[in-house]
Amino acid sequence: MHDAADTARAAFDASVGEHGHLHESSLVEFAAGVLPAPFELIVARHLRSCARCRAGALDAARVGASCGRAAPFIRLPGAAGAAATALGQRVDDILTGGRRHPTWWHVFRGLEICSLGERSQAQLWLLRAQPGTVLPAHGHGGDELTLVLAGSYFNGRAVLEAGAVEEADEAVVHQPVVTSTAVCVCLAATRGGLRFRRFLPRLLRRVVGL
Ligand SMILES: [Zn+2]
């Protein structure tokens, strides 16, 4: 017998396949409360809409509890810490227009970026890209975790739609392409910066701090 959560999980899995979900290591780090606030925020937001990863995070929290880890170190799905919650409020304020002059950088044609600053050696960004925008090919000096808030993009393997996440590390080089149907808005956390292959994005990296 299927309940509403099963139906939602099946619909989400059908839309993103095996892509679009969190790695087990991220779920364990989230449950243990050791993720930097920008990453923690994105994990918490994904867990809101993804029953599959929520179940994984609950399992990780249960394992942590059975190993004697006590609250507040065991973070349940949806429960973000104070720093991540405050960051999330800033994000919502910007997206709903509550902030009169959010700092959006037009980094190149079709792409705007808004920096939400650095927390615990990790940075948080909002990205807004017009339909069909091809982002610069880049590798990573550390981890990158992206959550699609609106629209969708193709990452070379799958189309990621609202609610989906993509994790990238030093081994990944990719060039996201925004699909042609709608403006794509993403929330991205980075550690260690990005490595662009072409001169212009490298120059922008110096200016914007990506
Ligand atoms: Zn998921």
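**Figure 1. Helix α2 and its buried residues in the predicted model.** In helix α2, which spans residues 24-32, the buried positions are S26, L27, F30 and A31, where buried denotes 20 or more other C-beta atoms within 10 Å of the residue's own, exposed 12 or fewer, and partly exposed anything in between, with C-beta atoms placed from the backbone. Viewed down the axis of α2, these buried residues fall within an arc of 135 degrees, so they line one face of the helix; the arc is that of the directions from the helix axis to the C-beta atoms. An α-helix has 3.6 residues a turn, so residues three or four places apart point the same way. The residue that follows α2 is G33, with a positive phi near 70 degrees. Helices (H or I, at least four residues) and strands (E, at least two) are DSSP runs numbered from the N terminus. Residue numbers start from 1 along each chain as its sequence is written. This is a predicted model, in which local features need pLDDT of at least 70 and side-chain atom pairs count only at pLDDT 80 or more, while totals for chains, interfaces and linings use all residues.

Figure 2. Helix α3 has 13 residues and reaches 19 Å from its first C-alpha to its last, close to the 18 Å expected at 1.5 Å a residue, the expected span being 1.5 Å times one less than the number of residues. Of the 13 residues of α3, 11 are buried, and the helix is thus mostly covered; among them are F39, E40, R45 and H46. V43 touches L22, S26, F30 and L35, leaving aside residues up to four places away in sequence, with contact taken as C-beta atoms, placed from the backbone, that lie within 7 Å.

**Figure 3. The largest nonpolar core.** This core has 40 residues, and those with the most contacts inside it are I42, V43 and A57; a nonpolar core is a set of buried Ala, Val, Leu, Ile, Met, Phe, Trp, Tyr and Cys residues joined through C-beta atoms within 7 Å. At least two core residues come from each of α2, α3 (37-49), α4 (51-66), α5 (82-95), β2, β3 (122-129), β5 and β10, and α3 gives the most, with 7 residues. Domain 1 (4-85) and domain 2 (90-208) both give residues to this core, so it lies between them; the domain bounds come from an automatic or database domain assignment.

**Figure 4. Strand β5 and its partners.** In strand β5 (residues 144-150), 5 of the 7 residues are buried, so the strand is largely enclosed by the rest of the structure. Strand β5 pairs with strand β8 (residues 165-168) in the antiparallel sense over 4 bridges, and E144 stands opposite A168 in β8; strands count as paired if DSSP finds at least two bridges between them. Strand β10 (residues 184-190) also runs antiparallel to β5, joined by 6 bridges, with T146 opposite A188.

Figure 5. The order β7-β6-β9 describes an open sheet of 3 strands with antiparallel pairing. Strands β7 (159-161) and β9 (177-178) stand at the edges, each with a single partner strand, so one side of each is left without a neighbour in the sheet. Between β6 (residues 152-154) and β9 there are 2 bridges, and F154 stands opposite V177. Strands β1 and β2 form a hairpin with 2 residues between them, and G110 in the turn has a positive phi of about 90 degrees.

Note on methods: Two residues are in contact if their C-beta atoms, placed from the backbone, lie within 7 Å.
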